Amino acid sequence: QVSLEESGGGSVQPGGSVRLSCAASQRTASTPWMAWFRQAPGKEREGVASIVTSTGVTYYADSVMGRVTISQDNARNAVYLQMNSLKPEDTAMYYCAAASRPTMAYGSVLQASAYNTWGQGTQVTVSS
C-alpha cells in the first residue's frame, strides 16, 4: 500500500499563494486516484481537488474553482496543489489522499470515504 507525505504548508497573507506537495512511496501511476482534502477546526473534511493519474483528468470543489490547480509528476511520484488568491477561509489542515479503486462515480471523486490512504497533513494558515 502506498504511503503519502505532504509538505509545503505554512502561513500566508490573504491574496497570496502556496504550493503543496505530496510525495508517494510508489508510482503515482499505479494509484488510480489522487486527491487533496482539507479540514478546518470543527468542520468536516472537505474535498478540494482530485486527479485521475492515468489520464490527468482533474476535478475541483466549487469553493476553490479557478484558484486551485492539482497536478502530478509521475517521474517524481508526486502530486501538487497550487493555491492562489488565498482567503482566510482556506485556512485548514490539508491532506493528500489516494484511492485504489479503478473507477469512481462522479459524486464520489471528492468524498473522503472513497479514499483509502491518507497522509499526515500539512497546515495552511491564511491571515494578515
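This is a predicted model: local features need pLDDT of at least 70, side-chain atom pairs count only at pLDDT 80 or more; totals for chains, interfaces and linings use all residues.
Residues are numbered from 1 along each chain as its sequence is written, and side-chain values use heavy atoms, with hydrogens and water left out.

Now for the strands. Strands (E, at least two residues) and helices (H or I, at least four) are DSSP runs, numbered from the N terminus, and two strands pair if DSSP finds at least two bridges between them. Find the open sheet of four strands: its order is E1-E3-E8-E7, and the pairing is antiparallel. Strand E1 (4-7) and strand E7 (68-73) stand at the edges with a single partner strand each, so one side of each has no neighbour in the sheet. From one strand to the next, the twist averages 15°; the axes behind such angles are lines fitted to C-alpha atoms (for helices, over the stretch in contact), and the angles run from 0 to 180 degrees between N-to-C directions.

Let's zoom in on E8. Strand E8 (residues 78-83) pairs with strand E3 (residues 18-24) in the antiparallel sense, over six bridges. E7 and E8 also pair in the antiparallel sense, over six bridges. Look for valine 79 in E8: cysteine 22 has valine 79 as its bridge partner, and glutamine 72 stands opposite valine 79 too.

Follow the chain through the hairpin of E7 and E8, which has four residues between the strands. In the loop between E7 and E8 you'll find asparagine 77, which has a positive phi of about 55° although it is not a glycine. Most residues other than glycine have a negative phi. Asparagine 77 has 18% relative accessibility, so it counts as buried. Serine 85 from our opening is another non-glycine residue with a positive phi, this one of about 50°; serine 85 lies in the loop between E8 and E9.

A disulfide is a covalent bond between the sulfur atoms of two cysteines; here, a pair of cysteine sulfur atoms within 2.5 Å counts as one. By this rule the count comes to one disulfide. What does cysteine 22 join to? The disulfide joins cysteine 22 to cysteine 96, with 2.0 Å from S to S. Cysteine 22 lies in strand E3 and cysteine 96 in strand E9 (residues 92-99), so the pair ties together parts that are 74 residues apart in sequence. The link is left-handed, with -75° about the S-S bond, and both cysteines are buried.

What else is packed inside? In soluble globular proteins, nonpolar side chains tend to be buried together. A nonpolar core is a set of buried Ala, Val, Leu, Ile, Met, Phe, Trp, Tyr and Cys residues joined through side-chain atoms within 4.5 Å. The largest one here has 39 residues, and those with the most contacts inside it are Trp36, Leu81, Met83, Tyr94 and Tyr115. E9 supplies the largest share of this core, six residues. Pick out leucine 81: leaving aside its neighbours within four places in sequence, leucine 81 is in contact (heavy atoms within 4.5 Å) with residues including Val18, Leu20, Trp36, Ile70 and Tyr94.

Finally, the rings. Rings of Phe, Tyr and Trp (its six-membered ring) pair if their centres lie within 6.5 Å; planes under 30 degrees apart count as stacked, over 60 as edge-to-face and the rest as tilted. By this rule the count comes to five aromatic pairs. One of them is the edge-to-face pair of phenylalanine 37 and tyrosine 115, 5.3 Å centre to centre with 70° between the planes. Both phenylalanine 37 and tyrosine 115 are buried. Tyrosine 95 and tryptophan 118 are also edge-to-face, at 6.5 Å centre to centre and 80° between the planes. Tyrosine 95 counts as buried at 13% relative accessibility, whereas tryptophan 118 is partly exposed at 25%. Ring pairs link Phe37, Tyr95, Tyr115 and Trp118 into a cluster.

Definitions and conventions: Buried means under 20% relative accessible area, exposed over 50%, partly exposed in between (1.4 Å probe, protein chains only).
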